[in-house]
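Subject: Structure handover

Dear colleague,

Here is the structure I said I would pass on. My notes on it follow below.

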Amino acid sequence: MRVAPSVPARVTQPTYEKLKAQLATLDKKIATAEKALQDHKDVMMRSRYTPEGLKLATAKLKSLEKDLTRLQTQRKHLVAQMAVLRPAPKTPTAAQLTAVIERHLKADDLRFGAKAPKKEDILTQTTVNKHPFSYTAIVLKNDPSKVIIKKVLTGGFVPARPGDGTYSFPVPLKAK
């Protein structure tokens with residue numbers, strides 16, 4: 001008896017886009033399961049059951065809860081898998097941030113008055129001095145494609161203190 005060599009099954013890793021599509025489908029299934037569970041609970045609240053009917057309704061309730069829990073667990077695993085595959089954003093260089101400041105100062109299109117970002121949200125920052133102001137380009141962790149520019153008066157009689165300055169609304173990192 002001869003055994004033919006078999007070709008192993010090709011295993012491909014799912015791409016981030018495929019996982020994103022699966023997550024959207026799973027979210028729809030979860031929403032449907034939550035609605036079915038809530039509808040069944042509403043029916044149970046309004047109905048009067050015989051002992052046998054109550055037993056069947058309770059069994060169906062447990063089954064619906066179990067299905068919802070299973071779907072939520074699948075979603076957690078899928079999100080964890082997506083976190084591993086998510087492409088890490090590249091941190092902009094100091095030269096890129098300086099160019100952004102120069103471009104927006106030349107265009108004079110910055111709108112100031114936004115709130116200061118929290119220190120733990122800052123990914124990177126670069127400072128440029130243009131007398132009498134000092135400009136700092138700040139990139140946030142949650143959106144590395146946008147830049148916030150901080151403007152501080154540094155050329156006056158009174159030196160700048162921590163907390164001085166005004167922040168711009170986010171502007172795109174790349175020119176359009």
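The expected span of a helix is 1.5 Å times one less than its number of residues. In this predicted model, helix α2 covers residues 51-85, which makes 35 residues, and its first and last C-alpha atoms are 51 Å apart, close to the expected 51 Å.

The buried residues of α2 are Gly 53, Ala 57, Leu 61, Leu 64, Leu 68, Leu 71, Leu 78 and Met 82. An α-helix has 3.6 residues a turn, so residues three or four places apart point the same way. Helix α1 (16-46) is part of what covers the buried residues of α2.

The largest nonpolar core numbers 15 residues, and Leu 26, Ile 30, Leu 37, Leu 68, Leu 71, Leu 78 and Met 82 have the most contacts inside it. Two or more residues come to this core from each of α1 and α2, with α1 giving the most, 8 residues. Beyond its neighbours within four places in sequence, Met 82 is in contact with Tyr 16, Leu 19, Lys 20 and Leu 23. Another core lies apart from this one; it has 12 residues, including Val 100, Val 147, Ile 149 and Leu 173.

On to the strands. β2 (residues 122-130) and β3 (residues 133-140) run antiparallel and are joined by 8 bridges. They form a hairpin with 2 residues between them, and Ile 122 stands opposite Leu 140 in β3. β3 also runs antiparallel to β4, with 7 bridges joining the two. This second hairpin has 5 residues between its strands, and in it Ala 137 stands opposite Ile 149 of β4. β3 is mostly covered, as 7 of its 8 residues are buried.

Lys 150 is buried but has no salt bridge: Asp 164, the nearest side chain of opposite charge, is 8.1 Å away. Leaving out neighbours within four places in sequence, the contacts of Lys 150 are Ser 134, Tyr 135, Thr 136, Ile 138, Asp 164, Gly 165, Thr 166 and Tyr 167.

Last, Phe 169 sits in the loop between β5 (166-168) and β6 (171-172). Neighbours within four places aside, Phe 169 is in contact with Arg 111, Phe 112, Gly 113, Ala 114 and Val 147.

Regards

Technical notes
Residues are numbered from 1 along each chain as its sequence is written. This is a predicted model: local features need pLDDT of at least 70, side-chain atom pairs count only at pLDDT 80 or more; totals for chains, interfaces and linings use all residues. Side-chain values use heavy atoms; hydrogens and water are left out. Helices (H or I, at least four residues) and strands (E, at least two) are DSSP runs, numbered from the N terminus. Buried means under 20% relative accessible area, exposed over 50%, partly exposed in between (1.4 Å probe, protein chains only). Contact means heavy atoms within 4.5 Å. A nonpolar core is a set of buried Ala, Val, Leu, Ile, Met, Phe, Trp, Tyr and Cys residues joined through side-chain atoms within 4.5 Å. Lys and Arg count as positive and Asp and Glu as negative; His and the chain ends are not counted. A salt bridge is a side-chain nitrogen of Lys or Arg within 4 Å of a carboxyl oxygen of Asp or Glu. Two strands pair if DSSP finds at least two bridges between them.
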